[in-house]
Amino acid sequence: MNKERRSALSQGLMSLENFIEEFDALKERVAEELSVIEDSLNDEQDYFDNMPEGIQNSEKGEMAQEAIDKLQEAVDLVNEFLETEVNYQEIDDLVCQAMG
């Protein structure tokens, strides 16, 4: 590999390391905000659970259940995002091996 490509890769790795650090910080902020969705989900579930059965089976109950389902789906998607791991060291090792 020539010097120009090695230099470009080194610069790219430094940028990538910074982006990964920013990504991890963003994940922490997202985790903090997830509680807002979870609280709303719990409140809506309590609201639904405390409805008389007749109202649960009405349009009002169906709307509450739909909101619960959508909020749960949102929580699941956020959790999926939070579980994303980026191993910078592995990336660095592979690129360094390629550079020789």
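Me: Which residues in α3 are buried?

Reply: Gly-61, Ala-64, Ile-68, Val-75, Val-78 and Leu-82 are. Buried means under 20% relative accessible area, exposed over 50%, and partly exposed in between, using a 1.4 Å probe and protein chains only. This is a predicted model: local features need pLDDT of at least 70, side-chain atom pairs count only at pLDDT 80 or more, and totals for chains, interfaces and linings use all residues. Residues are numbered from 1 along each chain as its sequence is written, and side-chain values use heavy atoms, leaving out hydrogens and water.

Me: What do the buried residues of α3 pack against?

Reply: They pack against α1 and α2 (53-56). Helices are DSSP runs (H or I, at least four residues), and strands are E runs of at least two, numbered from the N terminus.

Me: How do you know that the span of α3 is close to the expected one?

Reply: The expected span is 1.5 Å times one less than the number of residues. α3 has 24 residues, for which 34 Å is expected. Its first and last C-alpha atoms are 35 Å apart, so the span is close to that.

Me: Why is α1 called roughly antiparallel to α4?

Reply: Helices α1 (residues 3-49) and α4 (residues 88-99) pack at about 180 degrees, their axes 11 Å apart. Angles over 145 degrees count as roughly antiparallel, under 35 as roughly parallel, 65 to 115 as roughly perpendicular and the rest as oblique. So α1 is roughly antiparallel to α4. Axes are lines fitted to C-alpha atoms, for helices over the stretch in contact, and angles run from 0 to 180 degrees between N-to-C directions.

Me: Which residues of α1 and α4 meet?

Reply: Among them are Leu-9, Leu-13 and Ile-20 in α1, and Ile-91, Val-95 and Met-99 in α4. Contact means heavy atoms within 4.5 Å.

Me: What makes Lys-27 and Glu-85 a salt bridge?

Reply: The definition asks for a side-chain nitrogen of Lys or Arg within 4 Å of a carboxyl oxygen of Asp or Glu. The closest N and O atoms of Lys-27 and Glu-85 are 3.9 Å apart, so the pair qualifies. The partners are 58 residues apart: Lys-27 in helix α1, Glu-85 in the loop between α3 (59-82) and α4. A search of the whole structure finds 1 salt bridge.

Me: Are Lys-27 and Glu-85 buried or exposed?

Reply: Lys-27 has a relative accessible area of 9%, so Lys-27 is buried. Glu-85 has 66%, so Glu-85 is exposed.

Me: Why does Glu-28 count as exposed?

Reply: Because its relative accessibility is 54%. Glu-28 lies in helix α1.
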